[in-house]
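Please examine the sequence and the model displayed here before reading on.

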Amino acid sequence: MKFLSRHFHAFLIVPSLLFFFLRLPSLFEPNWYGDEGIYQTIGLALKNGALLYKDIWDNKPPLLYILYGLFGGDQFSLRVLSLLFGIATIIAIFILAKKLSENLPHLSKTQAKNFPFIVSLLFSILFGSPLLEGNIANAENFMLLPIICAGILIVSEKTTHGTRNLFIAGLLSSLAFLTKIVGLFDFTAFLAFLIFMNFESFAKIPILLKKLWWYPIGFGTPILGTMIFFFAKGAFKEFYQGAFTQMIGYVGYGNRLIIPQGLLVIKMILLTTFLLVLFKNRNRIHTSILFILIWLSFSLFNTFFAQRPYVHYLLVLLPSFCLLSAYVYSLVIDQILTPKTLYTKTPIFIGGVLLFVVLLVHLNFTLYTKTIPYYGNFINFILGSKDVTSYYEFFDRKTPRDYQLAQYILLKTKPSDNIFIWGNNAQIYKLTNKLPPGRFTVAYHITAKKETLDETYTALLKQKPKYILVTTNSPIPYSLTQYVHRLNIQEAAVYERTY
């Protein structure tokens with residue numbers, strides 16, 4: 001640690017290389033993950049001139065799809081980009097931890113100096129391995145970097161006095177929000193920290209707002225620009241519904257308790273109560289600890305916002321969790337090496353918060369259980385002791401079938417021929433380099449409401465796809481009288497248009 005602390009750049013090589021080798025197998029995964037299949041198809045559509053939301057649709061803000069569009073939906077390219085983003089994120093979390101270590105209480109100089117090293121190592125392991133689905137090029141993989149960079153500016157001493165830093169921090173937070181809407185919570189967490197640190201009295205609130213207003217202005221500027229773009233393209237309604245209003249039903253799915261959003265109301269009350277406790281004691285809590293606790297509380301709310309146990313949701317919790325975990329670890333090590341009496345309840349409180357977070361995550365999420373076999377599968381494949389089919393089946397037993405379907409379509413169609421997939425494996429569109437006949441890439445989007453069913457039916461009548469692939473057990477709601485059943489590949493049926 002002494003050597004590494006004197007050689008800042010030398011140490012960053014360690015977590016970066018660790019992260020690289022943990023992520024390396026992800027570059028060679030087959031096209032198997034459903035959400036990525038949607039992003040890939042949208043990226044392919046954007047490359048071919050489609051307008052997002054109006055011509056091709058999904059329920060997230062546009063920035064993730066723009067990234068996929070830049071590479072035409074190519075999975076390998078996006079996985080490489082995700083890996084590079086990950087390394088940059090490790091560097092960013094190291095810098096943030098280094099800034100926070102200057103105000104960490106109850107630690108010796110040695111442990112405070114080691115703090116950023118511990119944070120970045122823990123972060124690289126959790127973010128690099130598939131334990132939290134970091135191997136998938138999801139929105140969370142790309143939004144963590146601008147969020148952490150915004151955090152660096154927020155905790156910098158000059159931030160509260162410099163409008164430029166606040167504005168840039170707002171821009172960075174906005175990029176995260178335009179990647180996935182839950183970036184709003186990180187923006188709010190940093191804003192709350194700024195208010196806590198600069199609040200003097202209610203009478204001086206106008207002065208406080210004048211001091212901090214460049215942060216929300218920076219946040220709102222890219223969002224306003226995006227709205228103007230889609231308005232100018234005549235697609236503002238589709239953009240607004242896809243990026244924002246569709247989230248209402250999504251969030252309400254798991255938050256019903258007596259009333260539609262009852263559980264969400266309880267979570268908001270708990271968050272508000274915790275923040276009020278921090279606000280009341282803000283002058284007795286060290287700056288760095290206050291920043292970590294505020295960020296952690298909003299990140300925890302973010303993770304449980306939709307009340308769905310998708311493990312990649314935990315990635316947004318990762319930065320603040322690693323900061324708090326590394327601090328508690330440093331406290332314990334410092335206490336072991338140099339036993340002393342802690343005359344404050346803060347360490348006990350912080351340890352309790354960390355334990356609560358771990359238990360809450362453990363009770364509500366199932367981490368990826370095949371993390372170690374994941375690397376064994378990769379090693380066996382590159383050494384030639386596992387064939388391609390077995391390698392693909394490790395990720396999903398239906399993956400070899402999807403590749404067989406794609407191969408059949410490529411052999412039987414011309415570039416101008418269309419296909420329609422009734423299922424939730426949009427990656428077949430990308431594998432065949434073809435686009436869906438309508439805006440929607442998967443069956444669960446088509447069946448969301450009667451309007452989407454009717455819209456897809458109209459698109460089918462217009463496009464007249466040569467092949468229809470039924471890859472789900474859910475019966476197709478459209479007539480197949482103009483199609484003949486050609487074959488089954490495993491449980492998937494292939495229908496060809498007769499006229």
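The model is predicted, so local features need pLDDT of at least 70, side-chain atom pairs count only at pLDDT 80 or more, and totals for chains, interfaces and linings use all residues. Residues are numbered from 1 along each chain as its sequence is written, and side-chain values use heavy atoms, with hydrogens and water left out.

The second largest pocket has 17 lining residues, and Leu270, Leu271, Leu300, Phe356 and Leu360 lie nearest its centre. Helices α13 (262-280), α14 (287-303) and α16 (346-364) each contribute at least two residues to the lining of this pocket; helices here are DSSP runs (H or I, at least four residues), numbered from the N terminus. The lining of the second largest pocket comprises 12 nonpolar, four polar and one charged residue.

Lys60 occupies the loop between α3 (34-47) and α4 (63-70). Lys60 is buried but has no salt bridge, and Asp58, the nearest side chain of opposite charge, is 4.2 Å away. Buried denotes under 20% relative accessible area, exposed over 50%, and partly exposed in between (1.4 Å probe, protein chains only). A salt bridge requires a side-chain nitrogen of Lys or Arg within 4 Å of a carboxyl oxygen of Asp or Glu.

His106, in the loop between α5 (75-100) and α6 (109-128), has a positive phi near 70° although it is not glycine. His106 counts as partly exposed because its relative accessibility is 26%. Asn433, in the loop between α20 (427-432) and α21 (443-446), likewise has a positive phi, near 60°, in a residue other than glycine. Asn433 counts as exposed because its relative accessibility is 54%.

Notes. On a 1 Å grid over the protein atoms alone, a cavity is a set of points where a 1.4 Å probe fits but cannot get out, and a pocket is an open set with protein on both sides within 12 Å along at least five of seven lines; lining residues have an atom within 4 Å of a point. Ala, Val, Leu, Ile, Met, Phe, Trp, Tyr, Cys and Pro count as nonpolar, Asp, Glu, Lys and Arg as charged, and the others, Gly among them, as polar. Lys and Arg count as positive and Asp and Glu as negative; His and the chain ends are not counted.
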